[in-house]
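Hi,

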Amino acid sequence: MATNENDIRQNILVLLAGRDPGKTICPSEVARACGGDNWRDLMDEVRHVAATLACEGTIRVTQKGKTVDIATACGPVRFARG
């Protein structure tokens, strides 16, 4: 079970690389890949790592197809390649 920031970062990048260009992943997919049965406990950390990746331009955080700031987004978000 992966739980540190680097493992979460790598899981985000691997999951996105496995998707067709333009497709997105759900933060819960990352948490499940990292945390198994305890995935819900990782959701805040996944969002934190995603915020860092978004600031770097590595990924985009989207909501209803539009890029959003994960820190202020309300409701479900998706991750896309940057």
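First, some housekeeping. This is a predicted model, in which local features need pLDDT of at least 70 and side-chain atom pairs count only at pLDDT 80 or more, while totals for chains, interfaces and linings use all residues. Residues are numbered from 1 along each chain as its sequence is written, and side-chain values use heavy atoms, with hydrogens and water left out.

**The helices**

Helices (DSSP runs of H or I, at least four residues) and strands (runs of E, at least two) are numbered from the N terminus. Start with helix α1 (residues 5-17) and helix α2 (residues 27-35), whose axes come within 9 Å and cross at roughly 125 degrees. That makes α1 oblique to α2. Axes here are lines fitted to C-alpha atoms, for helices over the stretch in contact, and angles run from 0 to 180 degrees between N-to-C directions. As for the angle words, under 35 degrees counts as roughly parallel, over 145 as roughly antiparallel, 65 to 115 as roughly perpendicular and the rest as oblique.

The crossing of α1 and α2 is right-handed; a crossing has that name if the near helix is turned clockwise from the far one by less than a right angle, and is left-handed if anticlockwise. Which residues meet there? From α1 come Asp7, Ile8, Asn11, Ile12 and Leu15, and from α2 come Glu29, Val30, Ala33 and Cys34. By class, the contact of α1 with α2 has 6 nonpolar, 1 polar and 2 charged residues. Here Ala, Val, Leu, Ile, Met, Phe, Trp, Tyr, Cys and Pro count as nonpolar, Asp, Glu, Lys and Arg as charged, and the others, Gly among them, as polar.

Helix α1 also packs against helix α3 (residues 43-56), at an angle of about 65 degrees and with the axes 10 Å apart. That makes α1 roughly perpendicular to α3. This crossing of α1 and α3 is right-handed. On the α1 side you will find Glu5, Ile8, Arg9 and Ile12, and they meet Glu45, Val46, His48, Val49, Ala50, Leu53 and Glu56 in α3. The contact of α1 with α3 divides into 6 nonpolar, 1 polar and 4 charged residues.

**The sheet**

Next, look at the open sheet of 3 strands, which has the order β2-β1-β3 and antiparallel pairing. Strands β2 and β3 stand at the edges, each with a single partner strand, so one side of each is left without a neighbour in the sheet. Helix α3 packs on the sheet and touches β1 and β3, its direction making about 120 degrees with that of β1. Two strands pair if DSSP finds at least two bridges between them.

Strand β1 (residues 59-63) is mostly covered, with 4 of its 5 residues buried. Buried means under 20% relative accessible area, exposed means over 50%, and partly exposed lies in between (1.4 Å probe, protein chains only). There are 4 bridges from β1 to strand β3 (residues 78-81) and 2 bridges from β1 to strand β2 (residues 66-67). Thr62 is a handy landmark: its bridge partner in β3 is Arg78, and in β2 it is Thr67.

Val30 lies in helix α2. It counts as buried because its relative accessibility is 0%. Leaving aside residues up to four places away in sequence, Val30 touches Ile8, Asn11, Ile12, Leu15, Ile25, Val46 and Phe79, where contact means heavy atoms within 4.5 Å.

Arg60 is in strand β1 and is partly exposed, at a relative accessible area of 34%. Arg60 and Arg78 are 18 residues apart in sequence and 8.3 Å apart in space, C-alpha to C-alpha.

Lys64 sits in the loop between β1 and β2 and is exposed, with a relative accessible area of 84%. Its phi is near 55 degrees, a positive value in a residue other than glycine. Most residues other than glycine have a negative phi. The hairpin of β1 and β2 has 2 residues between the strands.

Enjoy exploring!
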